[in-house]
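Here are a few notes from going through the model. Have it open alongside as you read.

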Amino acid sequence: MAAERRLEELSLGVIFSNRQNVRKTYKGLEKLADSIQQHGLLQNLVVHERPEVPGTYEIDAGERRYRAIKILSERKDWTGGVTCLIVDRRDSLNVNTVEN
């Protein structure tokens with residue numbers, strides 16, 4: 001049986017970086033932010049719900065996009081939420097590994 005997946009718009013305040021993300025450096029975020037501002041977010045973030053804090057989510061794929069959107073938000077060029085694909089926590093490690 002396939003794990004549940006759903007699309008949902010989430011506020012930036014409930015999305016958190018994944019502590020187990022294999023990527024440790026994030027270059028080119030300003031350029032990515034400018035691209036997202038111009039063209040929109042072309043690929044959803046992939047997240048899973050954090051079991052220790054229900055209603056909050058951890059990123060499995062899209063950390064650079066998330067950080068770029070935070071830059072836009074700080075510049076007041078992004079308002080509202082982010083459409084995310086919410087996956088089951090059991091799938092999260094696989095998604096993170098494939099993404100990076």
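At what angle do the axes of helix H1 and H2 cross?

1. Bear in mind that this is a predicted model. The axes of H1 (residues 29–39) and H2 cross at roughly 75° and come within 8 Å. That makes the two helices roughly perpendicular to each other, because angles of 65 to 115 degrees fall in that class. On the H1 side, the contact is made by Leu29, Glu30, Leu32, Ala33, Ile36 and Gln37, while H2 brings in Arg64, Arg65, Arg67, Ala68, Ile69, Ile71 and Leu72. Sorted by class, that gives eight nonpolar, one polar and four charged residues.

2. Now the sheet. It is open, with five strands in the order S1-S5-S3-S4-S2 and mixed pairing. S1 (5–10) and S2 (15–16) are the edge strands; each has a single partner, so one side of each lacks a neighbour in the sheet. Further in, S3 (residues 45–49) and S4 (residues 57–61) run antiparallel and are joined by four bridges, with Val47 opposite Ile59 in S4. H2 packs on this sheet, touching S2, S3, S4 and S5 (82–87), and its direction makes about 125° with that of S4.

3. Have a look at Glu63 too, a residue of H2 (residues 63–74). Is Glu63 buried or exposed? Its relative accessibility is 4%, so Glu63 counts as buried. Beyond its neighbours within four places in sequence, Glu63 is in contact with Ser17, Asn18, Asn21 and Tyr26. Ser17 is 46 residues away in sequence, yet the C-alpha atoms are 6.8 Å apart, and the side chains of Glu63 and Ser17 make a polar contact at 2.7 Å.

Methods: Residues are numbered from 1 along each chain as its sequence is written. This is a predicted model: local features need pLDDT of at least 70, side-chain atom pairs count only at pLDDT 80 or more; totals for chains, interfaces and linings use all residues. Side-chain values use heavy atoms; hydrogens and water are left out. Buried means under 20% relative accessible area, exposed over 50%, partly exposed in between (1.4 Å probe, protein chains only). Contact means heavy atoms within 4.5 Å. A polar contact is a pair of N or O atoms within 3.5 Å; within protein, one must be able to donate a hydrogen and the other to accept it, and residues adjacent in sequence count only if both atoms are side-chain atoms. Axes are lines fitted to C-alpha atoms, for helices over the stretch in contact, and angles run from 0 to 180 degrees between N-to-C directions. Angles under 35 degrees count as roughly parallel, over 145 as roughly antiparallel, 65 to 115 as roughly perpendicular and the rest as oblique. Ala, Val, Leu, Ile, Met, Phe, Trp, Tyr, Cys and Pro count as nonpolar, Asp, Glu, Lys and Arg as charged, and the others, Gly among them, as polar. Two strands pair if DSSP finds at least two bridges between them.
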